[in-house]
Amino acid sequence: MTNKGSLSINSENIFPIIKKWLYSDQDIFIRELISNGVDAITKLKRLVSLGDAEVPEGEQYRVNVYASPKAKTLVFEDNGIGMTMEEVDKYINQIAFSGASDFLEKYKDKDSQDQIIGHFGLGFYSAFMVADKVEIETRSYQPDAVPVHWECDGGTEYTMSEGTQQVRGTRITLYLSDDCLKFCNSYSVKEVINKYCSFMPVEIYFVDEDAAKEKKDTVEQKKKEEAAAKKKKAAEKEEDDLVGGTSETSEAEEEDVLETEEDEEEKETPLNDIHPLWMKTPGDCTDEEYKEFFQKVFYDFKEPLFWIHLNMDYPFNLKGILYFPRINPEVDQLEGKVKLYNNQVFVADNIREVIPEFLLVLKGVIDCPDLPLNVSRSALQNDGFVQKIRDHIVKKVADKLTGMCKNHREDYEKFWDDISPFIKFGCLRDDKFNEKMKDYIIYKNLEDKYVSLSEYLESAKETHENQVYYVTDAQLQAQYIELFKQEGMDALYMTHNIDNPFITSLEARDEKVKFYRIDAQVNQNLQGEKLTEEEEKEYTEKLQTVFRKATGKDNLSIKVDRLKDASVSAILTQSEEARRMAEMMKTYGMSGMNLGGMNQNSETLVLNAGNDLVKYVLDNTEGETTDMVCCQLYDLAAIANRQLTAEELTKFVQRSNEILKKITE
């Protein structure tokens with residue numbers, strides 16, 4: 001008997017779901033249908049374990065996916081619990097009535113519940129995003145169950161009748177729309193399965209039916225040809241034997257001629273790994289397994305620095321592995337990938353409700369079956385439970401890092417250059433993380449030793465209390481580094497682009513401490529015998545007039561000082577505030593920046609009154625080569641501070657050649 005009817009839609013639980021509006025990504029229907037198959041098998045395994053169902057001994061649980069470009073079909077087949085006609089009517093015809101929740105309710109008082117991945121209903125109806133027609137053939141596990149055939153052309157009309165399914169389980173056939181034929185392409189289907197289903201807990205197999213049929217036909221044809229050739233050869237041999245009077249062909253030889261050779265059965269390989277590493281106990285995993293998993297999932301063949309294996313069952317179920325990859329300190333952005341799973345089913349990458357933004361620079365997987373997901377499993381409901389999971393992940397990461405710093409300081413220092421951008425980013429983004437990590441942030445000093453900020457400030461009490469000098473470019477600032485080393489002063493290397501905002505945050509948290517780039521000012525410890533007020537005024541007026549005229553920089557600020565190192569002729573400085581403002585403007589693409597990347601109106605040229613070249617300019621303000629010397633001194637100071645513009649560099653090279661020429665004349 002055939003039943004016809006209209007699908008019953010529960011408007012409280014579902015809105016327009018047919019076709020394009022149920023899921024944000026069209027390919028997600030593959031995940032949903034495979035999940036339903038896995039779910040059906042999980043239910044059956046549960047019943048078998050409870051003694052409520054039986055399966056043949058040694059039966060392999062599996063989900064099969066068949067694609068046929070010629071027939072324009074995609075088939076999903078499982079050997080799970082199957083459905084009766086009543087269940088099809090309940091779970092398919094009455095959309096949004098969850099079979100999974102009903103099943104769990106029925107067995108909630110039984111022993112340990114297995115997680116049910118999906119459910120018939122909404123997941124099944126994702127098929128209509130890509131199919132013009134869908135057919136179901138299903139047979140329940142129950143003894144003497146009647147098979148069921150169900151089909152629908154994508155509207156609200158369906159037909160349901162007794163089917164022909166001979167074995168337990170469900171087979172869903174999608175007749176694909178013309179604009180969705182890519183989903184019967186082997187490459188496309190396997191790509192989606194790899195994306196969403198790589199770690200589902202039931203083995204998934206894929207077959208290209210057209211290719212398989214073509215191969216089978218080829219094999220059969222080859223067998224026929226080989227059999228015919230053998231038969232012909234046997235007949236010729238028999239004829240020769242009769243002519244020669246030899247004995248007839250033996251019975252065994254005759255059978256060998258008539259038999260066709262069977263090809264060795266190809267070993268099937270599932271597309272997924274049903275026992276992902278994160279589901280194992282950390283103590284059972286080796287370093288090699290962690291590294292292999294990292295390469296397999298993220299296609300990253302640089303070994304991770306270290307990892308954290310999350311494994312907890314209370315107060316919520318959370319498992320996963322977070323890897324600390326090697327981060328290039330020169331990159332502008334910190335990018336990683338944390339994959340979120342729900343009971344081994346991929347949900348999405350980098351979901352910020354669960355994984356804090358700063359942890360997204362890491363690579364890893366998080367699996368939390370307890371997460372409250374919406375209908376498409378592609379977004380999370382915002383609630384306190386999600387926040388608890390988020391806080392726990394942050395705590396475990398901080399505990400790992402602080403524990404390493406305390407107990408394995410050498411390893412911590414060895415990894416520091418790679419992990420410091422991540423830690424600083426985390427401190428900027430998360431106050432709780434900052435509170436845990438603030439005492440474990442270290443810096444490399446001019447002696448290539450790692451010190452904490454408190455250790456640096458303590459050692460600098462006598463020379464520059466509450467002042468922190470730092471280096472952003474060891475090459476450009478080499479002159480200043482050398483001056484500091486000569487005077488026994490220290491500075492910290494802060495060369496990553498995240499250090500600028502991080503410095504600002506450190507100053508905001510402790511208003512007494514101020515940071516200065518090593519070339520921001522001339523520290524008093526670098527100064528020699530102090531000039532008198534009269535000398536300073538006289539020298540400044542003279543040199544400012546000469547240098548402004550020679551360089552053509554009418555706003556150039558000149559400061560005259562006597563440095564301890566007489567070999568240093570000039571130092572170009574820029575106030576910390578002005579430089580930071582200029583860098584911020586450059587970062588945000590704001591106007592007002594010169595080609596050299598620096599606001600030269602805020603530059604100060606510090607001239608060393610004890611240097612012979614500076615003395616020459618003082619004594620020869622109208623000299624023939626004075627302008628050349630002034631320009632050269634300015635450019636030399638600029639080179640030690642920043643990159644010259646193209647125009648400046650061209651003039652500097654030409655002038656250097658002229659100076660060499662004069663020396664050799």
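## The five-stranded sheet

What is the strand order of the open sheet of five strands? In this predicted model, the order runs S11-S12-S15-S13-S14, and the pairing is mixed. Strand S11 (306-312) and S14 are the edge strands; each has a single partner strand, so one side of each is left without a neighbour in the sheet. From one strand to the next, the twist averages 15°.

Inside this sheet, S13 and strand S15 (residues 363-367) are paired in the parallel sense, with five bridges between them. To find this pairing in the structure, look for Lys 339, which stands opposite Val 365 in S15. Two helices then join the picture. H8 packs on the sheet and touches S11, strand S12 (318-324), S13 and S15. The direction of H8 makes about 85° with that of S12. Helix H9 (residues 384-407) also packs on the sheet, where it touches S11, S12 and S15. The direction of H9 makes about 135° with that of S11.

## The eight-stranded sheet

Let us turn to another sheet. This open sheet has eight strands in the order S1-S8-S7-S6-S9-S4-S3-S10, again listed with mixed pairing. At its edges are strand S1 (2-6) and strand S10 (203-208), each of which pairs on one side only. Neighbouring strands here are turned against each other by 15° on average, with direction ignored.

Strand S4 (residues 73-78) and strand S9 (residues 169-176) form an antiparallel pair with six bridges. Within that pair, Asp 78 has Thr 170 of S9 as its bridge partner. Helix H1 (residues 28-49) packs on the sheet, touching strand S3 (62-68), S4, S9 and S10, and its direction makes about 20° with that of S4. Another helix to look for is H2 (residues 85-93), which lies across S1, strand S6 (131-139), strand S7 (148-152) and strand S8 (157-162). Helix H2 runs at about 165° to S8.

## Around strand S8

S1 and S8 pair in the antiparallel sense over five bridges, and Lys 4 stands opposite Thr 159 in S8. S7 and S8 also run antiparallel, joined by five bridges. In that pairing, Cys 152 stands opposite Tyr 158 in S8.

S7 and S8 form a hairpin with four residues between the strands. In this hairpin, Gly 154 takes a positive phi near 100°.

## Two loop residues with positive phi

Most residues other than glycine have a negative phi. Asp 144 sits in the loop between S6 and S7, and its phi is near 60°, a positive value in a residue other than glycine. Asn 343 is not a glycine either, yet it has a positive phi of about 55°. The loop that holds Asn 343 lies between strand S13 (337-342) and strand S14 (345-349).

Which of these residues is buried, and which is exposed? Asp 144 is exposed because its relative accessible area is 76%, over the 50% cut-off. Asn 343 has a relative accessible area of 12% and is therefore buried, since buried means under 20%.

Gly 283 belongs to the loop between helix H7 (251-258) and helix H8 (287-298). With 70% relative accessibility, Gly 283 counts as exposed. The C-alpha atoms of Gly 283 and His 309 are 9.8 Å apart in space, while 26 residues separate the two in sequence.

## Where two helices cross

Two packed helices are described by the angle between their axes and the distance between the axes. For helix H10 (residues 409-429) and helix H15 (residues 499-509), the axes come within 10 Å and cross at roughly 45°. This angle makes H10 oblique to H15. The crossing of the two is left-handed.

Which residues make the contact between H10 and H15? From H10 come Lys 424, Cys 427 and Leu 428. From H15 come Asp 499, Pro 501, Phe 502, Ser 505 and Arg 509.

Conventions
Residues numbered from 1 in each chain as written. Predicted model: local features only at pLDDT ≥ 70, side-chain atom pairs only at ≥ 80, totals over all residues. Heavy atoms only, no water. Buried < 20%, exposed > 50% of the residue type's maximum accessible area, 1.4 Å probe, protein only. Axes fitted to C-alpha atoms, helices over the stretch in contact; angles between N-to-C directions. Parallel < 35°, antiparallel > 145°, perpendicular 65-115°, else oblique. Left-handed = near helix turned anticlockwise from the far one by under 90°. Contact = heavy atoms within 4.5 Å. Pairing = 2+ DSSP bridges.
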